[in-house]
Number of protein chains: 2
Amino acid sequence: MKFEVTILGSSSATPIFNRNPTAQVLNINEHLYLVDCGEGTQVQMLKYEIKSSKIDHIFISHLHGDHYLGLIGLISSMHLNGRTKPLKLFGPAPLLEIINIQFKYSDTTLHYDLQFIPTNPDEPAVIYENQDVIVETIPLDHRIATTGFLFRQKKRLRKIIKEKAEALNIPIEHYPLLKKGAPFTAADGKVYKNTDLTVDSDRPKCYVFCSDTIYNERYFEQIANADLLYHEATFLHNLLDRANKTHHTTAWQAGQVALQTQAKSLLIGHFSARYKSLNELLDEARGVFQNTELAIEGNTYTIGDDMV
Amino acid sequence: MKFEVTILGSSSATPIFNRNPTAQVLNINEHLYLVDCGEGTQVQMLKYEIKSSKIDHIFISHLHGDHYLGLIGLISSMHLNGRTKPLKLFGPAPLLEIINIQFKYSDTTLHYDLQFIPTNPDEPAVIYENQDVIVETIPLDHRIATTGFLFRQKKRLRKIIKEKAEALNIPIEHYPLLKKGAPFTAADGKVYKNTDLTVDSDRPKCYVFCSDTIYNERYFEQIANADLLYHEATFLHNLLDRANKTHHTTAWQAGQVALQTQAKSLLIGHFSARYKSLNELLDEARGVFQNTELAIEGNTYTIGDDMV
């Protein structure tokens, strides 16, 4: 099952040419989940050939402009492009007011059902679940109410060893039982153990999105053992005072988060516009946690054991 | 005196890669005036090296997203980049509510004075004037309240013929009087006519911005004799029904507007995403009004007699 993330933007608040504000798209089993939607996200989607028609879920972490100003444009364009299927939108409660006032004055009535689910910045909560994934909010510590998001794959059923099943002429109707772990009794009465006919499905993977936040251990337990941890790393550690003042994290601290929460891989982003080159940020984080990569626009990262 | 317009975007509502929504910057005597501010305008400004610090006036035609969704990002970035001087913003009255609600929830207090001046979509009005220019609103006919904007240069004082003034040793203190048309009396009592010492300043030019609107002659008188008329031309004329339904103009009609209002030059824009090539739109408009150009992103058009 596909489980990967494509970065559409990983810049922080002030703009810089060719670095866009936060937005990323998760592909989970060929369904797309958009996480944050900074200004210009719909253009980034066109650039990187991400089809908005495949997005049914959008998650907004908080109401600083660099994380949501592309949302109105995107959901308007979905409307103008003829969307009729529902769209689920998760985010801070006032987001609905911000959307409604703009649609009111532009005299827009969407042709599809925009289902808004407010997030609670104070307590972790499961906010969404389907056959592929469970999504939890992560209460972060920023200047305004902010949540991260944790995407945990669901454990899949066991996988049938096709050659064995066919050799035994196991009826296809029996396959769902096999996948659930049942044994198989052949016509001659012989019983085959399930473990001879199936293999376990892959270990479910976990993706964690933490942006924006000051370094604060209160969310560490919840995000432990991420297969891929995306964490903001706005500044180098020599600007720790500025990071603290603005409730952001340094690259060194992001490495610490990954180390202490036993992440398998770390992806850093939300880079300050002051850094023309990002190598120092990468080196600093790697000094603490080797398995780190930069979140680079247009790059896709597979979420799994051997990701980086 | 410089009087020119740089196109930052001339696409219509649905996005297309490499064509941005409406935004343009007027340079009038080295002061920048931003007209409309679609999503991504601040990135376009970076791309084309338009300094936001030189913008003190922003004009928003109406509250469809493709004309204002870049505004919050831009005025936030001005704030983050340390702006302290005031910014005048002209637009439909509800725009202030849209801005305030977003700043409320992002907990933003601007470090500079954002002076909002609401426009009236029902009557033409002078909304701004300084030593260089007078700006009027143009009531247009769109689905929601919309105004165009007319920028009329002010007549400058007469220009002194420097060689003559120096040959006669005219004191510099007398120059302001000369510029205003006064004669000069030399020490020997000889009187020099002003017209011998000065020449008339250039004819003031006029730029008209009409986007978005259905073809409607009610604004023709006001925009007559524009040196450069920017007019939307969303569709080819074979989609006249669609143009009428959505309250837009066809390229053929845009040519008609220029012809009937005796514009000197026509710049067409607000192109529908359906047109991959814009040549047909240009050809159609030129079939009616030869002196037409496409509004192409990144291009700068001088507003004057020999513009196109």
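How many salt bridges are there between chain B and chain A? The count is zero, where a salt bridge is a side-chain nitrogen of Lys or Arg within 4 Å of a carboxyl oxygen of Asp or Glu. This is a predicted model, in which local features need pLDDT of at least 70 and side-chain atom pairs count only at pLDDT 80 or more, while totals for chains, interfaces and linings use all residues. Residues are numbered from 1 along each chain as its sequence is written, chains are lettered from A and ligands numbered from 1 in the order in which they are written, and side-chain values use heavy atoms, with hydrogens and water left out.

**Where the chains meet**

- Chain B and chain A each bring 32 residues to the contact (heavy atoms within 4.5 Å).
- Together they bury about 2800 Å², 67% of it on carbon and sulfur atoms; buried area is the accessible area (1.4 Å probe) that two parts lose on being put together, summed over both.
- Phe17(B), Glu39(B) and Tyr105(B) supply 22% of the area that chain B buries against chain A, more than any other three residues.
- Between the two chains there are 10 residue pairs in polar contact, both residues at pLDDT 80 or more (a pair of N or O atoms within 3.5 Å; within protein, one must be able to donate a hydrogen and the other to accept it, and residues adjacent in sequence count only if both atoms are side-chain atoms).
- On the side of chain B that touches chain A, H1 (41–47), H2 (71–80) and H3 (94–105) each supply at least two residues, and H3(B) gives the most, with six residues; helices (H or I, at least four residues) and strands (E, at least two) are DSSP runs, numbered from the N terminus.

**A sheet in chain A**

- Seven strands form an open sheet with mixed pairing, in the order S6-S5-S4-S3-S2-S1-S18; two strands pair if DSSP finds at least two bridges between them.
- S6 (114–119) and S18 (300–302) of chain A stand at the edges with a single partner strand each, so one side of each is left without a neighbour in the sheet.
- S5(A), residues 87–92, pairs with S6(A) in the parallel sense over six bridges, and Leu89(A) stands opposite Phe116(A) in S6(A).

**A salt bridge within chain A**

- Over all chains, the whole structure holds 25 salt bridges.
- One of them joins the side chains of Lys154(A) and Glu129(A) at 2.8 Å, N to O.
- This pair links distant parts of the chain, 25 residues apart: Lys154(A) lies in the loop between S9 (147–153) and S10 (159–160) of chain A, and Glu129(A) in S7(A), residues 125–129.
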